[in-house]
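Hello,

Here is the structure I promised to pass on. Please open it first, then read my notes below.

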Amino acid sequence: MFEDQKTKINVSDFQKVSAVTAVMLQTILSFALANCHNQTTAAFVGTLYVFAKYTAPMFIFAIVYNMVKTSEKTSYFEFLKDKFFELVVPYLLWTVAYLLIFPGVQQKTPYTNMGTFLLKVITGDGAPHLWYTVMMLQIQLLMPFFIWLGYRVFANRKLVWPVLIGATVLYIGWYLFYSMQVLNGPLAESWYLLDRFVFSFLIYGIYGVAGFIYHEAIFEQLNRIRFALLPIGLVVGGLSVRALLAYPGDVNFGHAPYLNTLQSLYSLIIILTVFTFASRMIVNQSPKLPLFKWLAVYAYRTYLANVFVFQALLLVFKSTWLRLPMGTMIVVAYLSMATVAFMLSWLLHLGWSGIKKQFS
């Protein structure tokens with residue numbers, strides 16, 4: 001019911017597209033904030049950033065939803081082999097490209113030798129967005145756990161709510177610890193990698209399992225309130241914006257972490273909103289399904305490429321873009337980067353397919 005048989009599209013494809021497009025907006029907004037000249041403009045950019053910051057949870061929900069849907073009868077070895085070529089190899093190639101061609105985008109202390117170079121690869125610090133992949137790869141390693149949870153534990157309806165509530169309570173405890181000890185505490189520098197540790201986003205994988213196993217029941221309830229979902233999300237997002245702008249000093253995206261109550265709740269609402277309207281599009285056989293499927297196929301490749309493409313575009317258009325009004329600059333830069341990044345992903349895919357044909 002919730003997969004179009006012609007295009008083979010399901011809800012996770014829509015969520016991947018939504019997440020990758022928001023990730024690209026975050027890239028543009030980071031550049032915009034660095035070039036703000038007054039607090040009003042910075043507040044505007046910060047507001048957009050908070051509303052676009054649902055991507056990591058949505059990626060995890062989508063990955064696990066699709067994993068449980070497609071991998072029940074797949075051996076763990078075959079699963080890891082497929083994911084190695086699908087996810088790990090592109091990540092390694094793009095990370096090396098970032099570190100060698102655009103070393104200025106690496107995070108924290110720049111690499112100085114082969115050891116620190118490899119450390120950048122392992123931690124996802126080769127570019128500001130690559131930590132997502134490090135976190136997502138940990139989720140992939142837990143494939144047997146999610147399959148067991150979906151087909152053994154959640155198969156018993158009496159266990160669903162206790163597991164979901166228990167996991168949510170543990171998650172809240174986890175991010176309270178993170179907030180007190182890392183984000184605003186003494187471990188900020190030494191434990192900064194904690195937010196990409198699998199436990200920090202595991203809850204969204206558990207929600208993704210429930211989303212697949214009980215898709216019809218969840219959709220039935222959400223569909224009744226579908227027009228309230230986005231307004232509720234805007235209210236919660238607005239509260240999160242207010243919390244960000246309440247920090248003294250200049251607007252800093254570091255004050256809007258995923259691991260807090262408002263941002264977590266906002267992320268979940270947006271996940272459910274996309275879940276609901278994507279389900280309706282599939283059920284109603286929307287003519288836009290082939291477009292979303294095409295975008296979903298290239299979503300991960302484009303996510304990896306987007307910062308690289310943006311840095312290349314800045315070499316040519318930076319001075320021109322900075323002369324534009326901030327809102328116009330964000331729109332122009334975003335559309336340019338998104339278009340080029342998706343086209344580059346498509347062309348690289350065609351090129352690689354052609355090379356493989358020569359050796360097959």
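**Surface and overall build**

The chain exposes about 17600 Å², and carbon and sulfur atoms supply 69% of that area. Keep in mind that this is a predicted model.

Now the inside. Of the 360 residues, 49% count as buried. The secondary structure comes to 15 helices and two strands.

How does the chain's radius of gyration fit with what a compact globule would have? A compact globule of 360 residues would have a radius of gyration near 21 Å. The chain has 20 Å, which agrees. Along its principal axes, the C-alpha trace spans about 55 × 55 × 45 Å.

Look at the contacts next. Take those in the chain with a separation of 6 or more: residues 24 or more positions apart account for 80% of them.

Charges are quick to describe. The chain has 25 positive and 13 negative charges, and their mean positions are 4 Å apart.

Start with α10, residues 215–224. His215, Phe219, Leu222 and Asn223 are buried there. An α-helix has 3.6 residues a turn, so residues three or four places apart point the same way.

Then go to α13, residues 289–297. Leu289, Leu295 and Ala296 are buried in this helix. They cover an arc of only 125° around the axis, which puts them on the same side of α13. Their packing partners include both strands, β1 (3–4) and β2 (9–10). The buried residues of α13 also pack against α1, α12, α14 (299–322) and α15 (326–359).

Arginine 301 sits in helix α14. Is arginine 301 buried, exposed or partly exposed? Its relative accessibility is 30%, so arginine 301 counts as partly exposed. For that call, buried means under 20% and exposed means over 50%.

Which residues does arginine 301 touch, leaving aside neighbours within four places in sequence? They are Trp94, Ser345 and His349. Arginine 301 and phenylalanine 61 are 240 residues apart along the chain, and their C-alpha atoms are separated by 18 Å.

Best wishes

Notes
Residues are numbered from 1 along each chain as its sequence is written. This is a predicted model: local features need pLDDT of at least 70, side-chain atom pairs count only at pLDDT 80 or more; totals for chains, interfaces and linings use all residues. Side-chain values use heavy atoms; hydrogens and water are left out. Helices (H or I, at least four residues) and strands (E, at least two) are DSSP runs, numbered from the N terminus. The radius of gyration is taken over C-alpha atoms; the globule rule is 2.2 Å times the number of residues to the power 0.38. Buried means under 20% relative accessible area, exposed over 50%, partly exposed in between (1.4 Å probe, protein chains only). Contact means heavy atoms within 4.5 Å. Accessible areas come from the Shrake-Rupley method with a 1.4 Å probe; for residues, only the protein chains shown count as cover. Lys and Arg count as positive and Asp and Glu as negative; His and the chain ends are not counted. The place of a charge is taken as NZ of Lys, CZ of Arg, CG of Asp or CD of Glu. The arc is that of the directions from the helix axis to the C-beta atoms.
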